[in-house]
Amino acid sequence: SKMTVKAVKMPCTSANVYTKVPDGGWGWTVAFAFFVVEALTYGIIKSFGVFFNDLMESFDETNSRISWIISICVFVQTFTAPLSTVLSNRFGHRLVVMAGGLLVSTGMVIASFARSVVDMYVTIGIVSGLGYCLSFLPTVTILSQYFDKRRSLVTAVASTGECFAVFSFAPAITALKEQIGWRYSMLSVGVLQLGITACGSLLRPIVIREQEKVKAQPPEESTETKYMLENEQTCTSIESIDSGVDITTSPSNVPGKTKAEPKSEEPKQHGQNPVENNSTPPEPKSKLLDFSVMRDYSFICYAFFGLFATLGFFAPSLYIIPLSRSLGISKDHSAYILSAMAIAEVFGRVFAGWVLNKKPIRKIYIELICVILLSVALVAFPFASGFWGLMICSVYFGFMLGTVAGTHIPLLAEDDVVGIERMSSAAGVYVFIQSLAGLAGPPLAGVLVDTTKNYSSAFYSCAAGMVLGAVFLALVRPCKTGLCHHQQQQQQQVEESTAGPPPELPDDFIDMDIGKAENSGKGSDSV
């Protein structure tokens, strides 16, 4: 049967209705929108460092106080993830992403007129941070709904938008600053981020509605044959067409009536749906935020994986240049190392999507292998010496980071974690838990560096967090299978306890009915 699609008018939007997950169609437009949203959110966040020196000079502030702008922004972005889920379930992904784009652009434009670093905390940290949350999470959620077999590959490729943005935005903004200054450059970035609103308008909702199958009615059978078949199937009286519940009121027991009209409910008794009944029961309202995922042991383990793994995501990008400078590598060569890491991350994302797209494959185990290899990369950094040593470690880390960073959120849609039905709520809770590590991770690494006077301690701490994340990730599948089996056993026990013993029928049940039929026949002949 061919897949059908039609547009159904809904309030303020129109939905794509499919009979099954399309794995394409309008999903390709949504994938392009996600690519642009990635570039205008995480791409801008990672490129914001080009403004650091200008902000330090303009506001006469230290590097640490300026760095809090992005720290607050990232924390607000992840901390408000449940709010994004609630709004998406209430108003739809399209309106939420469009509103998020307006917030992102407004915060960046107002920040270009800021007079102190505190103004930056409010505009970029809070306003734009909230906009980043409302823009990114609903986009990746609806993209996962448009794809099934190709979900991992499409999501990984589309997520490379932030990597390409780092290449293009950083040198472009630097060149623009030399021409018009940092304030007008930041204003231009804010205007450019209005593109998120345009991308949000492309996120048409998707509805999966199974195609109704109507069976052809069998040809008319004689009444006697129909009653005999009914007697064999239901063990009821041959003189009753209502399953022998009340023989005395059966139409066939009325004197002088030789044929009984079949009831309208008869197709339901034989497992057929009546064709004329087109009304469908109203669908139950979905919860704005389904906290039932917190009772799922597999999701709890996966959330702890995200919590500890986030500690290992930031260290190289923050400390690779200071580490290389401490080893005597020039500033230009240090920038080359960071660029090589970003290039490798692109290939890692694409490779992970290609591997996870293979069937059959247990995706959670592939993710576990990538996390373990990423832990090895973090441990290898302190042992690197010289330019080429750090270059090899950076390329290796960037590749493995791409395999994990581009797939850990879409994996929530897999049945091993929560499934596609609860992904929206699970993603909000998952990213919210990640925010705790995102806020505490950089200060923790900074304290270790200040205490030990060695940048290697930051990489060791991140490696330890990644190893703990791998342990919890390894427990996801066992918790899922063990929990499911436990629930099935409990359900069987409840059913056995509530169900009473089957009703006992007398041995001469059919003989009694036949005798009644013969007596009624003799009575009618005598009349």
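Student: Is cysteine 370 buried or exposed?

Tutor: The general idea is a set of cut-offs on relative accessible area: buried means under 20%, exposed means over 50%, and partly exposed is in between, with a 1.4 Å probe and protein chains only. Cysteine 370 has a relative accessible area of 11%, so this residue is buried. This is a predicted model, where local features need pLDDT of at least 70 and side-chain atom pairs count only at pLDDT 80 or more, while totals for chains, interfaces and linings use all residues. Residues are numbered from 1 along each chain as its sequence is written, and side-chain values use heavy atoms, with hydrogens and water left out.

Student: Which residues of H17 are buried?

Tutor: Cys370 is one of them, and the others include Lys363, Ile364, Glu367, Leu368 and Val371. Helices here are DSSP runs of H or I with at least four residues, strands are runs of E with at least two, and both are numbered from the N terminus. Helix H17 covers residues 363–380, which makes 18 residues. The expected span of a helix is 1.5 Å times one less than its number of residues. From its first C-alpha to its last, H17 reaches 26 Å, close to the 26 Å expected.

Student: How many disulfides are there?

Tutor: A disulfide is a pair of cysteine sulfur atoms within 2.5 Å. By this rule the count is 0. Another cysteine to look at is cysteine 163, which is buried because its relative accessibility is 2%.

Student: How many helices and strands does the protein chain have?

Tutor: The secondary structure comes to 22 helices and 3 strands. The chain has 527 residues, and 44% of them count as buried.

Student: How many residues are in the largest nonpolar core?

Tutor: A nonpolar core is a set of buried Ala, Val, Leu, Ile, Met, Phe, Trp, Tyr and Cys residues joined through side-chain atoms within 4.5 Å. The largest one here has 109 residues, and Met120, Tyr302 and Leu412 have the most contacts inside it. Helix H7 (residues 117–146) gives the largest share of this core, 12 residues. Domain bounds come from an automatic or database domain assignment. The core draws at least three residues from each of domain 1 (17–211) and domain 2 (289–495).

Student: What is methionine 120 in contact with?

Tutor: Contact means heavy atoms within 4.5 Å. Leaving aside neighbours within four places in sequence, methionine 120 is in contact with residues including Leu55, Phe59, Trp182 and Met186. For the chain as a whole, take the contacts between residues at least 6 apart in sequence: 80% of them join residues at least 24 apart.

Student: How many salt bridges does the structure hold?

Tutor: Side chains of opposite charge can pair when their charged atoms come close. A salt bridge is counted when a side-chain nitrogen of Lys or Arg is within 4 Å of a carboxyl oxygen of Asp or Glu. The structure holds 5. In one of them, glutamate 162 pairs with lysine 46, and the closest N and O atoms are 2.6 Å apart. This pair links distant parts of the chain, since glutamate 162 is in helix H9 (residues 161–180) and lysine 46 is in helix H2 (residues 42–47), 116 residues apart. Glutamate 162 is buried because its relative accessible area is 6%, whereas lysine 46, at 47%, counts as partly exposed.

Student: Which residue forms a salt bridge with aspartate 54?

Tutor: Lysine 177 does, with the closest N and O atoms 2.6 Å apart. Lysine 177 lies in helix H9 and aspartate 54 in helix H3 (residues 52–59), so the pair ties together parts that are 123 residues apart in sequence.

Student: Where do glutamate 345 and arginine 349 lie?

Tutor: Both are in helix H16 (residues 331–356), 4 residues apart, about one turn of the helix. Glutamate 345 is buried at 6% relative accessibility, and arginine 349 is buried with a relative accessible area of 3%.

Student: Where is the place of aspartate 60?

Tutor: Aspartate 60 is in the loop between H3 and helix H4 (63–79). This residue has a positive phi of about 55 degrees although it is not a glycine. Its relative accessible area is 70%, so aspartate 60 is exposed.
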